[in-house]
Amino acid sequence: MKKVIGFTAGAFDMFHVGHLNLLKNAKARCDYLIVGVNTDELITTYKNKHAIVPLEERMQIVRAVKYVDEVISVDTLDKEAIWKRKLFDIVFIGDDWKGSERWKETERVMSLHNVEVIYLPYTIGTTSTVLREKLKML
């Protein structure tokens, strides 16, 4: 039987329970989970913020999570470009992105490669943005 390879990516800055839930839920749906950690430059480009935790440290943290089988750095939001490097069967993303133009297009492109897009429940309450705001209040 073929091993099902899953992929998800994110900044994973100031690692929190929402990140853990994403990785746990993704691993429950595949045999081998590859996690892309976005480079500092990519985060700046699409979030207009700077990462608090340096890339290598974020990769170490994600690598230490028991649900993760492999960690790579990613410098693009283009899942097809990443797929060409890693040939995964499923891509996971939080359901807060469902219906967005970017992810509708990602679904279309990934379907050309028989890659399924699975939306996982978004953890409400804790985000890196919320943590940043709380830190400002200290």
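**Cores, strands and salt bridges: a short tour**

Before we go on, a word on the model, which is predicted: local features need pLDDT of at least 70, side-chain atom pairs count only at pLDDT 80 or more, and totals for chains, interfaces and linings use all residues. Residues are numbered from 1 along each chain as its sequence is written, and side-chain values use heavy atoms, with hydrogens and water left out.

When I say helix or strand, I mean DSSP runs numbered from the N terminus, with at least four residues (H or I) for a helix and at least two (E) for a strand. Two strands pair if DSSP finds at least two bridges between them. S2 and S3 run parallel and are joined by five bridges.

Now, is S3 enclosed or open? Four of its five residues are buried, so S3 is largely enclosed by the rest of the structure. Buried here means under 20% relative accessible area, exposed means over 50%, and partly exposed is in between, with a 1.4 Å probe and protein chains only.

Next, the nonpolar cores. A nonpolar core is a set of buried Ala, Val, Leu, Ile, Met, Phe, Trp, Tyr and Cys residues joined through side-chain atoms within 4.5 Å. In soluble globular proteins, nonpolar side chains tend to be buried together. Which residues have the most contacts inside the largest core? They are Leu23, Val62 and Phe92, in a core of 19 residues. At least two residues of this core come from each of helix H1 (17-27), strand S2 (32-38), H3, strand S4 (90-94) and strand S5 (116-120). There is also a second, separate core of 16 residues, and Ala9, Ile72, Ile82 and Ile93 are among them.

Let's zoom in on threonine 8, which sits in strand S1 (residues 5-10). Threonine 8 is buried, at a relative accessible area of 0%. Its side chain reaches the backbone oxygen of phenylalanine 92 at 2.9 Å. Contact, by the way, means heavy atoms within 4.5 Å. Not counting residues up to four places away in sequence, threonine 8 touches several residues, including Leu22, Leu23 and Phe92.

Leucine 22 belongs to helix H1 and is buried too, with a relative accessible area of 16%.

Finally, charged pairs. A salt bridge is a side-chain nitrogen of Lys or Arg within 4 Å of a carboxyl oxygen of Asp or Glu. How many salt bridges does this rule give? The count comes to six.

One of them joins the side chains of aspartate 40 and arginine 58, at 2.5 Å from N to O. That pair links distant parts of the chain, with aspartate 40 in helix H2 (residues 40-47) and arginine 58 in helix H3 (residues 55-63), 18 residues apart. Aspartate 40 is partly exposed at 29%, while arginine 58 is buried at 0%.

Glutamate 101 and lysine 104 form another, at 3.5 Å from N to O. Both lie in helix H5 (residues 101-111), three residues apart, about one turn of the helix. Glutamate 101 counts as exposed, at 59% relative accessibility, and lysine 104 as partly exposed, at 44%.

Note on methods: A polar contact is a pair of N or O atoms within 3.5 Å; within protein, one must be able to donate a hydrogen and the other to accept it, and residues adjacent in sequence count only if both atoms are side-chain atoms.
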